[in-house]
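Colleague: I am new to this structure. Could you take me through the site around the ligand?

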Amino acid sequence: MRDWKKLWLTLLLLVCTGMVMTSCQSGRKEEEKTSLRIGISLYRGDDTFITNLCNILEEKAKEYEREKGIKVTLDIQDAKGSQNTQNNQVERFISLNCDVLCINLVDRMDASVIIDRAMTAGVPVVFFNRQPVEEDMNRWDQLYYVGVDAKETAVLQGEMVVDLYREHPEAIDRNGDGVVSYVMLEGETSHQDSLIRTEWSVQTLKDGGVPVEKITGGIANWERSQGSALMEQWLSEYPDTIELVISNNDDMALGAIDALERAQVSGVNIVGIDGTTQGLEALANGNLLGTVSANKENYAGAIVSLAAGSALRQALPAEYPLTDGKYYWTSQEILINKIEENQ
Ligand code: GAL
């Protein structure tokens, strides 16, 4: 009987000591957090939109550092289109004691290795721009996603043309035959944005009463050079037919502009998406009719705030309300080159 009592007392002592130690350790951890290390991996460092976003992300991190007095170190890596490379980068981030990861997935269907590693290490992850599948996102409550709603983008792109057509039908139906003949430049097939943008921009045109007819379309993987090559081919296959180029992003739209310039063809309207620096230049000089621009300040601000908040185990910033506790949808706007100014 006495032995049992002793055993109970010893166990009780051990449990209490453990509780005191744990609370001391966590207290110390919170007190010590005067710096944050964020590991960022980009699917491709040469993607224009991602580069634009990343520049603002660096500014937002500095802003956070100034406002909160917490030193923020960003470790930015380029996965160069390889999921394997990105997985290794994550491994390295974790071994370097990164407090949080911001991941622009190479393959949005293949997030499991990264999630496994992050969960084991207890390091939260903010995915952005390339959305992991729902099943993966639901594996842990420390996984977040920041992006734009693809359908909203597409509807805005369509509405921009609908409005212009209603105001100036002759400027959209260039040859006045009662039909707007268009070509479609599409992004990567595996990207959540490509299919939805392609489908809903055209659907919105039809719903808005624009009499459209598709000449052809093709995949140019978000790239200016591929957009340019496709447009060059279409210009020779369908001479004097294309009135409108609908592009899933600005870079491919710029490629189409390059091809038009080379072929010395004018009078074709081109609409893009992203509002990249280069896209905005083309808009200003009248080569691009319009674009749908994500609010990049808001986009990058959400990534930094969510990353810092989750790393510090703080309440997440009310400024960036989450859908289902994990998704933040960035706002977007239409930017157009006023047709009147071009007439
Ligand atoms: C899209 C963007 C493209 C490209 C892609 C990369 O949202 O419109 O230009 O950056 O993301 O994932």
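Modeller: Start with one contact. A polar side-chain atom of Asn249 is 2.8 Å from an oxygen atom of the ligand, where a polar contact is a pair of N or O atoms within 3.5 Å. The ligand on its own exposes 310 Å², and the protein buries 99% of that (Shrake-Rupley areas, 1.4 Å probe). This is a predicted model: local features need pLDDT of at least 70, side-chain atom pairs need 80 or more, and totals for chains, interfaces and linings use all residues. Residues are numbered from 1 along each chain as its sequence is written, and side-chain values use heavy atoms, without hydrogens and water.

Asp47 has a side-chain N or O atom 2.8 Å from one. For Asp193, a polar side-chain atom lies 2.8 Å from a ligand oxygen.

Now the shell. The residues around the ligand include Tyr43, Arg130, Arg197 and Trp222 (a heavy atom within 4 Å). By class, the shell has 3 nonpolar, 3 polar and 5 charged residues; Asp, Glu, Lys and Arg count as charged. Domain 1 (34-147 + 296-330) and domain 2 (151-294) each supply at least three shell residues, with bounds from an automatic or database assignment.

Last, the space itself. The ligand sits in the largest cavity, meaning that more than half of its atoms lie within 2 Å of the grid points. A cavity is a set of points on a 1 Å grid over the protein atoms alone where a 1.4 Å probe fits but cannot get out. This one holds about 150 Å³. Phe49, His191 and Asp274 are among the lining residues nearest its centre, lining residues having an atom within 4 Å of a point.

Technical notes. A polar contact is a pair of N or O atoms within 3.5 Å; within protein, one must be able to donate a hydrogen and the other to accept it, and residues adjacent in sequence count only if both atoms are side-chain atoms. On a 1 Å grid over the protein atoms alone, a cavity is a set of points where a 1.4 Å probe fits but cannot get out, and a pocket is an open set with protein on both sides within 12 Å along at least five of seven lines; lining residues have an atom within 4 Å of a point. Grid points are joined across faces, edges and corners, and a volume is the space filled by probe spheres set on the points.
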